[in-house]
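Work through these exercises with the structure open beside you. Try each task before reading its solution.

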Amino acid sequence: MLKFLLSRLLTFVPTFIGVTLISFSFIRLLPGDPIIVMAGERGVSAERYAELQAQFGFDRPLVIQYWDYMTGVLRGDLGTSFVTKKPVFEEFFALFPATLELSICAMIFAVVLGLPAGIIAAINRGKLFDRALMSTALVGYSMPIFWWALLMIIVFSGWLGWTPVSGRISLLFYFDDVTGFMLIDSLLSGQAGAFRSAAVHLILPTIVLGTIPLAVIARQTRSAMLEVLSEDYIRTARAKGLPPNRVTFIHALRNALIPVVTVVGLLVGTLLGGAILTESIFSWPGIGKWMLDSIYRRDYPVVQGGLLLIAVMVMIVNLTVDVLYGLINPKIRKA
Amino acid sequence: MKFSRTITAAMMCATALAGAASAQTLVYCSEGSPEGFDPALYTSGTTFDASEHTIYDKLTLFETGTTNVIPGLAESWEVSEDGTEYTFNLRQGVKFHGNDQFTPSRDFNADDVIFSFMRQGDPENPYNQVSGGTWEYFNGMSMPDLIKEIVKVDDYTVKFVLARPEAPMISNLAMGFASIMSKEYADAMLEAGTPEMLNQAPIGTGPFKFVAYQKDAVVRYMRNDDYWRDPAAIENLVFAITPDASVRYQKLQAGECHVMPYPNPADIQAMKDNPDVNVMEQQGLNVGYLAYNTQLPPFDNPKVRKALNMAIDKQAIIDVVFQGSGEIAKNPIPPTIWSYNDAIEDDAFDPDAAKAALEAEGVSDLSMKVWAMPVQRPYNPNARRMAELIQADFSNIGVDVEIVSYEWGEYLDRSKAVDRDGAVLLGWTGDNGDPDNFLAVLLGCDGVGGSNRAQWCHEPFEKLIQDAKVLPTQEERAKLYEEAQVVFKEQAPWATIAHSVVFMPMRPEVEGYKVHPLGGHIFYGVSLAE
């Protein structure tokens, strides 16, 4: 297992360098100069422009700028935002727990509902339940997020008044960040009602963000289960007289899970990359909106640093998925 | 960035116990996160709302709801006869806020004024490079060239010595970049090795004290009970950061916030019909325009420009692009600015006359480019649509229009070029309520190749605005600016398109709110009915 882990870790190095190169060059390839964007309609004189270029280091050759960036990265310094004047590292980790908390909740929601739905649909292939479920999944998959989010807000917050409109917790609660995870911090605060408020605030964003993964997982589980259920060894197990539940959940599901775990891993990576629309609509203070704003403002250090950190997080998720493969399927571990 | 934790936690708990409808806490659903809390470092209105209008004061202040300048931390001032020396008599007994790391030992005085400006203008000042200071407004308002020195006459008297007379100086000093910081706090933070705290944990003399900020979530303030004016009516002020306009409206309806800015134009009628929402409105301090390149033929001919202006159906633009939340602009300054010349008549919308005028000038088969901004601004919520309407209007008089657009930074940069091909859609939002801030910046000869997108340098106009700049009284200046607007209308370097109308939806229990023509959202003077 250790050898397997080490070999996977080694593949991180070229990926890491590749990400730094891509993030560094892509933001610079985009048209638009951060100094001009910063100055806006007011504009900036040629002398002032030259001063600011020198201040931000844009007057030096790109290779030198990249070298400075890389040496900074290796020292753990991702630079300072042009806009907020704060270190990128500090900003990222102030916002990332919110994204992570929402992503985890959305993924739990998607897996807990998607997996059984897919299995039941596969067992009942072609029946009404299967058709209804797969049609719903298709709708869920194709739903425009902003529309879905606003619809949920209008119905559940506006008409029914069951959930708050947006935010992470009622503004009436105020306590120190300990972990950055609102559910945990609200419990630690000891303030009556804080945890409930945090939990209630999570409901709508979780459903909205979890809808597409739920649809994907349900469809993937169904097709994987159908494939496995038609295998010879399942027929043999059934012929041997094993109980149907044992065949389905022990013999079939374990094998069907491998592609599902792959999909879940990819989906987690996508969610960590920033659920931009969900975060924007629900005023969720995560990294998605932060990155988007930074791209608009050509805030090079934030785009470079943010992309790099997200890439590292995705690499960690992929490694975890690889390890899970190994646990599910020993053949992969030995490969 | 959490200060006064114990007090604030107690305060918030008390508020929680009192219930969400507490009369003491006003929640403002703001549109975005402030970039920081030092207004001199930034240029966005969102940041100014969260800093200069809550935490800080300036030597002079804009009276809320008007562009009139009133005394602030300066009780009074005298201007020398030659207009180059401004002597300010400072208010005594003004207290700075405190926080966990700093308790002020003295009241506000002249040292704070000098520090607040020198940190921006003096490269040797230890705060000049802190937080990557670029001091955009200080530089943009030409302060480095303008201010020769700031002299401390005594503890409560400071003298600004200028390099030239500058009539808008008093208005300039009411702008966000001129917010007065505590030198004592700055020194303490420098000594502690954390000078960036000036920006992150702000200390001012304003009506509200900063309590805490969570990026993209919330900014909290509490009332400054030692404020030099009457303390604010609301005890706690909360900015609930809510970027989506539809969600802000839902929160307003649900009672989760009391005031929201920037509604969707499409929602405004529903808001007006909603008994739980009051909608205040005021003309915005801005102008949206189409700037011809007056240095290239045939647009170097004012008659051609006038003819094109007559072809534009501005009412259709107001209806379609602004969806009613705008009004036709006839002058290059908005009606809320003093010296606005209401006697001027706008060019009549008359395509036949426009066509005849073009023919009379020998212009036929004209084709041109119209530049459409890629971003939304209050003065132009949908430039692409506006360009399409202008394209259709011009095609009615036989002018073929190609619409072009670039990424915003590129757009701003390329549109400055003196040899730029085409007419540019752009606009301006005023900074200080002074006509000079529109006319000189956007149409003065110094702006050619820069902020003067019409590349228009017209000597009679230039003389009027330069003369107005050095006259001592507003009345004398207003006369010249009124004349300048007449010249502008005759010469037509732009087609003036629209001024936006600013709408502020709020809960019915909000009392005393005034829509500020300079665009800020100000909660001093606001109260909540029981």
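**Exercise 1. Describe how helix 8 and helix 10 of chain A pack.**

Solution. The model is a predicted one.
Step 1: Find the two helices. Helix 8 of chain A covers residues 145-159, and helix 10 of chain A covers residues 194-229.
Step 2: Take the angle and the distance. The two helices pack at about 150°, and their axes lie 10 Å apart.
Step 3: Classify the angle. Angles over 145 degrees count as roughly antiparallel. Helix 8 of chain A is therefore roughly antiparallel to helix 10 of chain A.
Step 4: The crossing of helix 8 and helix 10 of chain A is right-handed.

**Exercise 2. Which residues of helix 8 of chain A meet helix 10 of chain A, and which residues do they meet?**

Solution. 
Step 1: List the helix 8 side. It consists of I145(A), W148(A), A149(A), M152(A), I153(A) and F156(A).
Step 2: List the helix 10 side. Here stand L204(A), I207(A), V208(A) and T211(A).
Step 3: Sort the contact residues by class. Nine are nonpolar, one is polar and none is charged.

**Exercise 3. In what order do the four strands of the open sheet in chain B stand?**

Solution. 
Step 1: Read across the sheet. The order is 4-5-7-6, with antiparallel pairing.
Step 2: Find the edges. Strand 4 (74-79) and strand 6 (147-154) of chain B each have a single partner strand, so one side of each has no neighbour in the sheet.
Step 3: Look at one pair. Strand 4 and strand 5 (residues 85-90) of chain B are joined over five bridges. In this pair, A74(B) stands opposite L90(B).

**Exercise 4. How many residues does each chain give to the contact between chain B and chain A?**

Solution. 
Step 1: Count both sides. Chain B gives 52 residues and chain A gives 43 residues.
Step 2: Find the main contributor in chain B. Helix 1 of chain B gives the most to its side, with seven residues.
Step 3: Sort the chain B side by class. It has 20 nonpolar, 18 polar and 14 charged residues.

Conventions. Residues numbered from 1 in each chain as written. Chains lettered and ligands numbered in written order. Predicted model: local features only at pLDDT ≥ 70, side-chain atom pairs only at ≥ 80, totals over all residues. Pairing = 2+ DSSP bridges. Contact = placed C-beta atoms within 7 Å. Nonpolar A, V, L, I, M, F, W, Y, C, P; charged D, E, K, R; others polar. Axes fitted to C-alpha atoms, helices over the stretch in contact; angles between N-to-C directions. Parallel < 35°, antiparallel > 145°, perpendicular 65-115°, else oblique. Left-handed = near helix turned anticlockwise from the far one by under 90°.
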